[in-house]
Amino acid sequence: MSTILTRTEAWRAVDEADEPVHSAALLAADPQRPRRYSVALDDLRVDYSRQPLTDTVRQRLLDLAQARGLAEQIEALFSGAAVNRSEGRPALHTALRGSYPDSREVDGLDVPAAVEAELERMDALVARLHSGAWRGYSGQPLRHVVNIGIGGSECGVTMAHEALARGDEPLQLHTVSGVDGRELAAVWRRIDPTRTLFCVASKSFTTQETLTNARTAWAWLEAEAGRPVPEQFVGVSANPEAMTEFGISPAQQLRIWDWVGGRYSLPSAMGFPLAAALGMTPFRELLAGMREMDTHFRTAPWTANIPVLLGLIGVWQITLRGLQGHVALPYHPGLRRFPAYLQQLDMESLGKSATQAGERIPHATGTSFWGEVGSNAQHSFFQWLHQGTGRVIAEFLVPVDEEDVPEAHRGLALANALGQAQALMHGQAPSGQGAQAEQRRYEGNRPVTLIFFRRLDARTLGRLVAMHEHRVFVQAALWGINPFDQWGVELGKQLAKGLLPEIRGEAPPGTQGDAATAQALAWIEGEDG
């Protein structure tokens with residue numbers, strides 16, 4: 001029996017019910033549509049009434065989820081089953097925030113106890129930092145934290161810090177991910193070596209970019225102090241032996257586990273630099289928000305289930321209607337890095353072309369994901385959203401509490417978000433005649449989802465992150481793909497490793513790579529005009 005979504009009876013039922021309808025016409029025919037096409041979790045409200053989705057198609061999509069075994073897959077996720085089938089292990093990121101698996105033991109490990117133990121160790125390290133008891137080699141309290149990581153070991157921390165920091169925290173957070181050394185050199189100019197804690201974050205503790213930066217940082221600090229300074233290094237990894245070999249004391253090692261995927265690791269000890277900068281109270285609030293969305297996803301009926309409905313809409317728009325992307329448009333400057341965070345979550349999880357059963361997929365699955373703060377995006381790519389030939393899901397993230405906004409700015413962000421959403425939905429008929437009139441046509445009917453929240457705080461951010469984690473899981477479940485592996489990222493790394501000796505002159509030219517690579521290297525060396 002084929003595992004391909006589009007070869008199922010349930011999918012054909014969706015296809016047969018779908019029709020080219022304008023979302024503005026649906027709203028005009030049913031003024032109560034925004035109430036019927038909105039779902040909420042406390043003060044987080046998701047309005048998908050601007051999606052050109054009929055009642056019939058929505059019900060067929062819910063039937064499709066049932067036929068694809070979504071309920072069983074959700075329970076498998078939370079119960080600790082090996083849902084990451086290609087790597088033969090569970091994906092228990094939900095356990096990190098207290099949504100414990102029904103099976104409390106995984107490979108003999110008491111998961112809740114292990115998670116809480118690491119949180120308590122983090123708590124102790126953060127308390128030591130904030131009290132001023134943790135001092136650098138000159139006896140000064142540490143006041144800078146440099147996170148050295150890449151991908152899931154950096155993106156979430158950077159995103160959440162930008163969202164939640166007020167600017168008056170006693171500890172400053174810096175991040176280093178690029179491997180060319182320029183980022184590290186720039187950080188050195190902003191920190192005091194006597195007052196800096198380095199956090200080396202790598203699940204495997206073998207990541208080339210991270211270890212290269214970490215070794216350089218170690219050597220720099222040693223040169224500044226005149227001796228090795230292991231007391232100013234913390235490690236976060238699933239590989240304690242490698243952390244010890246690097247020189248990090250076991251007392252300053254934090255643990256994650258193989259069942260924590262990198263892009264899902266923010267609520268684990270990978271979040272230590274965030275907690276170090278902001279404190280453990282906001283970090284635990286972040287976990288609480290995630291836990292609330294976990295419970296909602298697992299228990300809410302599908303007709304009122306935010307991640308389930310968003311996932312179904314994504315599958316319908318991408319696979320059936322051919323949408324070319326998903327754009328996140330936060331109308332809050334603190335969420336500037338949120339689209340980049342979601343980009344990794346979405347594209348690394350859903351960028352697959354084979355089912356878990358090994359069948360090649362003949363239809364679209366994951367798609368391009370990007371975004372920008374809405375007010376900036378209006379002056380860059382909104383023109384394409386309104387009148388371009390491609391179509392994407394446009395997701396607006398809009399805060400409604402403006403108590404910290406100067407009077408002259410009140411209402412501006414909300415007015416712009418609602419106005420742009422209305423324009424994308426309704427469009428505008430051309431006025432006059434001739435070429436210019438046609439150029440001014442707005443077709444409208446662009447798929448829009450509005451996500452409102454009261455204020456951007458740690459709890460809200462946790463809900464938003466978990467919402468998208470579970471939305472991605474729903475899409476993967478319907479497409480039959482594994483959202484927890486990423487085999488495709490490895491090939492380029494392997495080739496880069498092979499090319500490095502040649503680039504450094506340690507191997508003869510042409511040892512690795514193809515003719516195009518050889519020509520590029522020759523040009524760089526000035527040997528080919």
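This is a predicted model: local features need pLDDT of at least 70, side-chain atom pairs count only at pLDDT 80 or more; totals for chains, interfaces and linings use all residues.
## Overall dimensions

The protein chain holds 21 helices and 13 strands. Its C-alpha atoms fill a box of roughly 75 × 60 × 55 Å along the principal axes. The radius of gyration is 25 Å; a compact globule of 529 residues would have one near 24 Å, so the two agree.

Buried residues account for 52% of the 529 residues. Among contacts with a separation of 6 or more, 74% join residues 24 or more positions apart.

## Helices α7 and α14

Two packed helices are described by the angle between their axes and the distance between the axes. For helix α7 (residues 155-164) and helix α14 (residues 338-350), the angle is about 155 degrees and the axes are 9 Å apart. That angle makes α7 roughly antiparallel to α14, because the cut-off for this class is over 145 degrees. The crossing of α7 and α14 is left-handed.

Which residues meet in this contact? From α7 come C155, G156 and M159. From α14 come F338, A340, Y341 and Q344. Five of the contact residues are nonpolar and two are polar. None is charged.

## V106 in strand β3

V106 sits in strand β3, which spans residues 105-106. Is V106 buried or exposed? Its relative accessible area is 9%, so V106 is buried, the cut-off being under 20%.

Leaving aside residues up to four places away in sequence, V106 touches P90, L92, V111 and W259. R89 is 17 residues from V106 in sequence. The C-alpha atoms of V106 and R89 are 9.2 Å apart in space.

## Positive phi at D42 and N445

Most residues other than glycine have a negative phi. D42 is not a glycine, yet its phi is positive, at about 55 degrees. N445 is also not a glycine, and has a positive phi of about 60 degrees.

Where do these two residues lie? D42 is in the loop between β1 (38-41) and β2 (44-47). N445 is in the loop between α18 (435-439) and β13 (448-453). D42 counts as exposed because its relative accessibility is 61%, and the cut-off for exposed is over 50%. N445 has a relative accessible area of 15%, so N445 is buried.

Notes:
Residues are numbered from 1 along each chain as its sequence is written. Side-chain values use heavy atoms; hydrogens and water are left out. Axes are lines fitted to C-alpha atoms, for helices over the stretch in contact, and angles run from 0 to 180 degrees between N-to-C directions. Helices (H or I, at least four residues) and strands (E, at least two) are DSSP runs, numbered from the N terminus. Angles under 35 degrees count as roughly parallel, over 145 as roughly antiparallel, 65 to 115 as roughly perpendicular and the rest as oblique. A crossing is left-handed if the near helix is turned anticlockwise from the far one by less than a right angle, and right-handed if clockwise. Contact means heavy atoms within 4.5 Å. Ala, Val, Leu, Ile, Met, Phe, Trp, Tyr, Cys and Pro count as nonpolar, Asp, Glu, Lys and Arg as charged, and the others, Gly among them, as polar. The radius of gyration is taken over C-alpha atoms; the globule rule is 2.2 Å times the number of residues to the power 0.38. Buried means under 20% relative accessible area, exposed over 50%, partly exposed in between (1.4 Å probe, protein chains only).
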